[in-house]
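Morning, everyone. Let me put the model up, and then we'll walk through a few helices and loops.

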Amino acid sequence: MCRVGAGENFLLDGGDLSTMISGPSPSDSRQLDENGKPMYRNRRNISAPDRVLLSAFREISQMGEHLNLPKSISDHANLLFKQVHETKNLRGRSNDAVSTACLYMACRQEGVPRTFKEVCAVSRVSKKEIGKVFKKILKILETNVQSVTVEDFMSRFCGNLNLNITVQRVANVVARRALNLNLVAGRSPVSVAAAAIYMAAYALGYRKEKREIGDVAGCAEATITCTYRAMHLRANELFPEDVKLAIRPEELPL
């Protein structure tokens, strides 16, 4: 008898799904295929805890694919889920919520940020529930995540909007100076990035609607407008001096 099959998942506690090749038994002709060769038969020996882990790992993998995340992020999220699951401190909470929170945390810790809204959009659980679970996981694992910055999103947002590197560079400067001037205090990095992209693109002659930017950034058009207006007050102080603009800052629309 020989065993073949996929490699063992070392995050699982016990049994795995293995494939066995068994010789024919005189009492069971079904073990032979139509050509008279031994047939494969699957043997499932998966413990209840491992079934929970496998279900979560599948969910994390599917969400990761929807978000175009590298496999390393999903692997990290799998490890986080296992660590949380073993503490048994989140009993009664939806495993889908825990899976989603772990994926979001893995993105933050691995430096491949996705907005909270983006991650929640591929989950079957409400943002409110995921947010609660995320905060609990931080306490359970006694860990933290670095704060996201405007720069974390700028490259991806500009790329998805088909804006060139010049727009991206100017938008980064605009956002950074707006933050330094305390024009956007209390606003999320996502809304600041979106407003800075709108302002930079417009000034450089690339017209992008706020709605289009909002769709990419996962940010409401009204939120972008409010943030943009706060920045517009001192627009002439936000742009880099070495870039030729198509529209002067003071001529930007409100």
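Start with α5. Its buried residues pack against α2, α3 and α4. Contact here means heavy atoms within 4.5 Å. Buried means under 20% relative accessible area, exposed means over 50%, and partly exposed is in between, with a 1.4 Å probe and protein chains only. Helices are DSSP runs of H or I with at least four residues, strands are runs of E with at least two, and both are numbered from the N terminus.

Some ground rules. This is a predicted model, so local features need pLDDT of at least 70 and side-chain atom pairs count only at pLDDT 80 or more, while totals for chains, interfaces and linings use all residues. Residues are numbered from 1 along each chain as its sequence is written, and side-chain values use heavy atoms, with hydrogens and water left out.

Back to α5. Which residues of α5 are buried? They are Glu129, Ile130, Gly131, Val133, Phe134 and Ile137.

What follows α5? Glu142, with a positive phi near 50 degrees. Glu142 sits in the loop between α5 (127-140) and α6 (150-160). Its relative accessible area is 75%, so Glu142 is exposed.

Lys88 is not a glycine either, and its phi is positive, about 60 degrees. Lys88 lies in the loop between α2 (71-87) and α3 (95-109). Lys88 counts as exposed because its relative accessibility is 54%. For background, most residues other than glycine have a negative phi.

Now α3. It has 15 residues and reaches 21 Å from its first C-alpha to its last, close to the 21 Å expected at 1.5 Å a residue. Twelve of the 15 residues are buried, so α3 is largely enclosed by the rest of the structure. The buried set includes Cys102, Leu103, Tyr104, Met105 and Arg108. What covers them? The cover includes α1 (48-66), α2, α4 (116-121) and α5.

Look at the ends of α3. Ser94 caps the N-terminal end, with a side-chain oxygen 3.1 Å from the backbone nitrogen of Asp96. After the helix comes Gly111, whose phi is positive, near 75 degrees.

Next, a helix pair. How do α8 and α10 cross? The axes of α8 (residues 189-203) and α10 (residues 221-232) come within 8 Å and cross at roughly 65 degrees. Axes are lines fitted to C-alpha atoms, for helices over the stretch in contact, and angles run from 0 to 180 degrees between N-to-C directions. α8 and α10 are therefore roughly perpendicular to each other, a label covering 65 to 115 degrees. The crossing is right-handed: the near helix is turned clockwise from the far one by less than a right angle. On the α8 side, the residues that meet α10 include Ser191, Ala195 and Tyr198. Their partners in α10 include Ile224, Tyr228 and Met231.

Last, the whole chain. The protein chain has ten helices and three strands. From the N terminus, the order is β-β-β-α-α-α-α-α-α-α-α-α-α. Buried residues make up 44% of the 254 residues. Among contacts with a separation of 6 or more, 70% come from residues 24 or more positions apart.

Note on methods: Expected span 1.5 Å × (residues − 1). Polar contact = N/O pair within 3.5 Å; in protein donor to acceptor, adjacent residues only side chain to side chain. Parallel < 35°, antiparallel > 145°, perpendicular 65-115°, else oblique.
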